[in-house]
Structure formats: C-alpha cells, structure tokens
Amino acid sequence: MARTGNKNVQAKLVLLGDMGAGKTSLVLRFVKGQFLEYQESTIGAAFFTQVLSLNQVTIKFDIWDTAGQERYHSLAPMYYRGAAAAVVVYDITSMDSFVRAKKWVQELQRQGNPNLIMFLAGNKADLAEKRKVGFEDGEQFAKENGMVFLETSAKTAQNVNELFYEIAKKLAKAS
Ligand code: GDP
Ligand code: MG
C-alpha cells in the first residue's frame with residue numbers, strides 16, 4: 001500500500017561533553033549556520049529547536065545544549081532523561097575531553113534507557129595539526145559502544161549537517 005501523508009516526529013536531543021569541546025558551536029552551525037571564534041560558555045543549558053525533513057518524515061528537534069562544567073554535572077540527568085538521542089562531543093586536540101566523553105557514554109549507558117540513540121562527535125577537525133586523539137581511537141570507541149561516529153568542525157561546517165541527518169535518519173527509523 002502506498003504511503004500517504006507526512007509523519008511528524010518530535011525528538012529530544014541532548015549534547016554532552018567537556019566544556020570547550022564545541023557543543024554550542026555545533027548547534028549554532030546547524031540551527032543558524034553561524035560560527036563564533038569567541039563563543040561564550042553555556043551556563044546551565046541552552047535550548048534550541050530545528051526542523052529537518054527526511055523522505056516522508058518531519059523531525060522536530062528539541063535540542064538541549066548542556067554546559068560541560070563539573071559543577072553542572074548534577075543537572076545533566078534532567079536533560080538526558082527522556083531524550084531520544086544524545087550527542088557526546090569531544091575536541092580532537094584534547095585527550096582530556098576524549099576521556100570525559102568516554103565517561104559521559106558510560107553514564108548514559110548506566111542511566112537505563114536502552115532506546116537512547118548515541119552519537120560521538122570528534123569536533124575541531126579543522127585543527128588536525130594539533131590533533132591529540134586519533135581518528136581510529138574515536139572510531140573504535142564508538143564501535144565498541146554502538147554509536148555513530150563522525151569527526152566534525154563547527155568552524156568549517158565539515159560533517160555538521162551530516163551529523164544531524166544521521167540522527168534524523170535513526171530517529172525516523174525508530175519512530
Ligand atoms: P562548548 O563549551 O562545548 O559549548 O564549546 P563552545 O561551542 O563554546 O566552543 C568553545 C570554543 O571552541 C569557542 O571558542 C569556539 O569558537 C571554539 N570551537 C568550537 N568548535 C570549533 C571547531 O570546530 N573548530 C575550531 N577551530 N574551534 C571551535
Ligand atoms: Mg556551550
């Protein structure tokens with residue numbers, strides 16, 4: 001039977017990761033197509049929406065961009081609870097941020113939502129000459145944890161739309 005009409009999906013998406021990894025920059029690149037060299041640190045969390053259409057499915061993202069600082073850690077469950085998808089972001093020039101990303105993934109796995117779709121973004125791919133985290137390290141970790149992995153750059157827009165399309169694709173499939 002032919003499929004008629006559009007399907008609408010509303011999906012809560014949360015970004016987690018170390019402060020400075022580029023979470024806000026990725027969201028602003030996706031939502032507004034802009035990039036700021038001096039992006040102000042997020043306090044608590046910021047909320048954005050964006051709509052993507054894919055085949056017959058329209059996905060409305062409710063995006064929670066969290067602050068990476070340890071002092072806001074206790075707030076994180078408020079944002080990832082009930083989320084359909086989570087993007088864990090690290091900075092490829094910071095091994096600390098990669099270690100922190102792994103901790104976020106462990107926390108997400110422990111929080112007991114087996115349907116949460118998880119993505120790993122190695123951001124600042126434009127700074128490859130200062131790279132501290134190998135592409136293979138990100139790829140391997142993502143594979144072990146059933147995550148989709150991309151290296152992104154909010155600055156050059158490399159793989160940013162691709163990241164959100166991958167998320168939309170998975171959400172459309174799961175809906
Ligand atoms: P957040 O704390 O994870 O939200 O990180 P921000 O989005 O605030 O970014 C922290 C800093 O890194 C800012 O100065 C951004 O301009 C910069 N930044 C973010 N993404 C990139 C990127 O892809 N490439 C480069 N070169 N700088 C970036
Ligand atoms: Mg931020």
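A residue is termed buried when its relative accessible area is under 20%, exposed when over 50%, and partly exposed in between (1.4 Å probe, protein chains only). By this criterion, both T24 and T42 are buried in the predicted model. The model is a prediction in which local features need pLDDT of at least 70 and side-chain atom pairs count only at pLDDT 80 or more, while totals for chains, interfaces and linings use all residues. Residues are numbered from 1 along each chain as its sequence is written, chains are lettered from A and ligands numbered from 1 in the order in which they are written, and side-chain values use heavy atoms, with hydrogens and water left out.

Helices (H or I, at least four residues) and strands (E, at least two) are DSSP runs, numbered from the N terminus.

Polar contacts are pairs of N or O atoms within 3.5 Å. A polar side-chain atom of S25 lies 2.6 Å from an oxygen atom of the ligand, and a side-chain N or O atom of K124 lies 3.1 Å from a ligand oxygen atom. For A21, a backbone N or O atom is 3.3 Å from an oxygen atom of ligand 1.

An open sheet of 6 strands is present, in the order β2-β3-β1-β4-β5-β6 and with mixed pairing; strands pair if DSSP finds at least two bridges between them. The edges are formed by β2 (45-54) and β6 (148-151), each with a single partner strand, so one side of each lacks a neighbour in the sheet. Strands β4 (residues 85-91) and β5 (residues 117-123) pair in the parallel sense over 7 bridges, and V88 has L120 in β5 as its bridge partner.

Helix α4 contains E136, which is exposed, with a relative accessible area of 53%. The C-alpha atoms of E136 and G44 are separated by 32 Å, the residues being 92 apart along the chain.

Methods:
Polar contact = N/O pair within 3.5 Å; in protein donor to acceptor, adjacent residues only side chain to side chain.
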